[in-house]
Amino acid sequence: MIKQFLLGLAVAIAPMVAAAHSKSEATTPADGATVTEVSELSMRFDDPMRIIFVTLTANDDDIEIERETGMDPVTEFRAVPLEELAPGSYRFDWRGMASDGHPMQGNFSFTVAE
């Protein structure tokens, strides 16, 4: 009886736990995409996210970017590279705080073709 109760409780709570954290719904450029130019870097979340830290790297070198979105929680974060991105592979890493207070992090990668 207790096992059935605990199993039922776990099944009932699972959707709430799964929905507790924000998740990235889309990025620009798309993760894994090959593009010819990058005028904007963006991430869209299903719930407001306070983005605390971002980096754009290529070959272990940091690329300068400027945040267009401040430190307030947003459902869409935007930044722009300060210079035209040369052909190559890039990785965008981020850390943030979900609206439920949990720390979150993620990344996406893309390639700039000639």
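How accessible is glutamate 68, and does the residue count as buried, partly exposed or exposed? At 45% relative accessibility, glutamate 68 counts as partly exposed, where buried means under 20% relative accessible area, exposed over 50%, and partly exposed in between (1.4 Å probe, protein chains only).

1. Basis of the note. This is a predicted model, in which local features need pLDDT of at least 70 and side-chain atom pairs count only at pLDDT 80 or more, while totals for chains, interfaces and linings use all residues. Residues are numbered from 1 along each chain as its sequence is written, and side-chain values use heavy atoms, with hydrogens and water left out.

2. Overall architecture. Of its 114 residues, 28% count as buried. Among contacts (heavy atoms within 4.5 Å) with a separation of 6 or more, residues 24 or more positions apart account for 58%. The chain exposes about 7,500 Å², of which carbon and sulfur atoms supply 53%, the areas coming from the Shrake-Rupley method with a 1.4 Å probe and, for residues, only the protein chains shown counting as cover.

3. Nonpolar core. The largest nonpolar core has 21 residues, of which Met43, Ile51, Phe77, Phe92, Trp94 and Phe110 touch the most other members; such a core is a set of buried Ala, Val, Leu, Ile, Met, Phe, Trp, Tyr and Cys residues joined through side-chain atoms within 4.5 Å. Two or more residues each come from strand S3 (41-58), strand S6 (74-81), S7 and strand S8 (103-112), and S3 gives the most, with eight residues. In soluble globular proteins, nonpolar side chains tend to be buried together. Leaving aside neighbours within four places in sequence, phenylalanine 77 is in contact with Leu41, Ser42, Met43, Ile51, Val54, Arg67, Thr69 and Phe92.

4. Threonine 69. This residue lies in the loop between strand S5 (65-67) and S6, and threonine 69 is buried, with a relative accessible area of 8%. Apart from neighbours within four places in sequence, threonine 69 is in contact with Val74, Glu76, Phe77 and Arg78. A polar atom of the threonine 69 side chain lies 2.8 Å from the backbone nitrogen of arginine 78. Threonine 69 and serine 42, although 27 residues apart in sequence, are 9.6 Å apart in space, C-alpha to C-alpha.

5. Salt bridges. The structure holds four salt bridges, each a side-chain nitrogen of Lys or Arg within 4 Å of a carboxyl oxygen of Asp or Glu. Glutamate 25 pairs with arginine 44, the closest N and O atoms being 3.9 Å apart; because glutamate 25 lies in strand S1 and arginine 44 in strand S3, the pair ties together parts that are 19 residues apart in sequence. Arginine 78 forms a salt bridge with glutamate 68, with the closest N and O atoms 3.6 Å apart, and this pair links arginine 78 in strand S6 to glutamate 68 in the loop between S5 and S6, 10 residues apart. Glu40, Glu68 and Arg78 are linked in a network of salt bridges. The side chains of arginine 91 and aspartate 93 also meet in a salt bridge, at 2.9 Å from N to O.

6. Glycine 96 lies in strand S7 and, at 4% relative accessibility, counts as buried. Glycine 96 and phenylalanine 53 are 43 residues apart in sequence and 6.8 Å apart in space, C-alpha to C-alpha. Methionine 97, also placed in strand S7 (residues 88-98), is partly exposed, with a relative accessible area of 31%. A nonpolar surface patch of about 330 Å² is made by Ile52, Phe53, Met71 and Met97; patches are made of residues with over 30% relative accessible area and no salt bridge, like charges being joined within 9 Å and nonpolar side chains (Val, Leu, Ile, Met, Phe, Trp, Tyr) within 5 Å.

7. Backbone geometry to check. A cis peptide bond joins threonine 28 and proline 29, with omega about -5 degrees, and proline 29 is in the loop between strand S1 (24-28) and strand S2 (33-35). Asparagine 59 has a positive phi of about 50 degrees although it is not a glycine, and phi of aspartate 60 is near 65 degrees, a positive value in a residue other than glycine. Asparagine 59 lies in the loop between S3 and strand S4 (61-63) and counts as exposed at 71% relative accessibility, while aspartate 60, placed in the loop between S3 and S4, is exposed with a relative accessible area of 77%.

Notes: Helix = DSSP H or I, 4+ residues; strand = E, 2+ residues; numbered from the N terminus. Polar contact = N/O pair within 3.5 Å; in protein donor to acceptor, adjacent residues only side chain to side chain.
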